[in-house]
Amino acid sequence: MFIHKMGSPPWFYDFTGKFIPWFWLIFAALTAWGLYLGLVKAPADYQQGESFRIMYLHVPAAWMSMLIYSSMAVMGFIALVWRIRIVEILAMASAPIGAAFTIVTLTAGSLWGRPTWGTYWVWDARLTSELVLLFLYLGVIGLYNSIDEPRKAARAACLLAIVGAVNLPIIHYSVKWWNTLHQGSSISLLGGSSIDASMLWPLLIMAVATKFFYAANLLTRARVTLLEQDKRKAWVREILKEKN
Amino acid sequence: MSHAPFILAAYSIGAIVLFWCAVAPLVKKKAIARDIRRLIQIEDRSRDPNS
């Protein structure tokens, strides 16, 4: 029943609107806490010195760039198979957020690379595959905006999102498959972590904070797209009249 | 080598990109709401025989 309700645009608009302020609030609180612990309380790294603090931006952004692409591809698959309009909208609303996180990953990583490796950029497998991820996001956004009919546009872009998912294992395993300048994983779900707890906790807090950023931003974008697509429908006009 | 400029630049760029990412849909929503209100006004006027 809940899934069916979520498919109704007025219900989705109303229901999700209640959560967005809370998601922003939790994001702000967690970010403030995580940055305080990471930038102020955590000790400097014995090898990298202070530059390791870029990790609290770079790593959560990199995780988000991949997580958002995965969720976009899964939603794209659901949208193509079951043709659920809300899911199409959510998949397409994910692309700009994922692109933003990928830009943050690449710029923060580049600025971390200069003091650590002595260069801003190398055509290393990890860096190059992450750059390809940015191009995939831009491709999905470009394809979606190039077709006038929104549902056809979403279906074409969803197909590209699914095909592009092949890049995700390449990004993840690039540091194992090839000799790279980029370091391997310091944290794994099953294998634990090689980072000290004083440095690990701020990272985990920032990782959770970015999930709330994604949720709040995704729902905001989906609601705006619904308003735009349904501007001639009665429920949109009622909402605008209520706000007047 | 001081690391502060690199840290500052990374966080500043990150803040700008994510801030714009958060604000862009709100700007778009405002423009859409304005368009819809204008559309309603035009439709109301065309329905009103005195106008």
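Which helix of chain A is Val132(A) found in? The legends below get to that, working through a predicted model.

**View 1. How chain A compares with a compact globule.** For 244 residues, the rule for a compact globule puts the radius of gyration near 18 Å, and chain A comes in at 20 Å, so the two agree. On the burial side, 40% of the 244 residues of chain A count as buried.

**View 2. Val132(A) in its helix.** Here's the reply to the opening question: Val132(A) belongs to helix α5, which covers residues 125-146 of chain A. Is Val132(A) buried or partly exposed? Its C-beta has 15 others within 10 Å, and since buried takes 20 or more and exposed 12 or fewer, Val132(A) lands in the partly exposed class. For a sense of distance, pick Ala93(A), 39 residues away along the chain: its C-alpha atom and that of Val132(A) are 20 Å apart.

**View 3. Where chain B meets chain A.** On the chain B side 22 residues make contact, and on the chain A side 29 do. Sort the chain B residues by class and you get 17 nonpolar, two polar and three charged. If you're wondering about confidence, chain B has an average pLDDT of 91, with 94% of its residues scoring at least 70. For the complex, the predictor reports an ipTM of 0.93 and a pTM of 0.95.

**View 4. Helix α9 of chain A against helix α1 of chain B.** Zoom in on α9 (residues 234-243) of chain A and α1 (residues 4-47) of chain B: their axes lie 11 Å apart and the packing angle is about 100 degrees. That angle falls in the 65 to 115 range, so α9(A) is roughly perpendicular to α1(B). Which residues make the contact? From α9(A) there are Val236(A), Arg237(A) and Leu240(A), while α1(B) brings Ala33(B), Ile36(B), Arg37(B) and Ile40(B). By class, the residues of this α9(A) and α1(B) contact split into five nonpolar and two charged, with no polar ones.

Technical notes
Residues numbered from 1 in each chain as written. Chains lettered and ligands numbered in written order. Predicted model: local features only at pLDDT ≥ 70, side-chain atom pairs only at ≥ 80, totals over all residues. Rg over C-alpha atoms; globule rule 2.2 N^0.38 Å. Contact = placed C-beta atoms within 7 Å. Nonpolar A, V, L, I, M, F, W, Y, C, P; charged D, E, K, R; others polar. pLDDT = per-residue confidence, 0-100. Helix = DSSP H or I, 4+ residues; strand = E, 2+ residues; numbered from the N terminus. Axes fitted to C-alpha atoms, helices over the stretch in contact; angles between N-to-C directions. Parallel < 35°, antiparallel > 145°, perpendicular 65-115°, else oblique.
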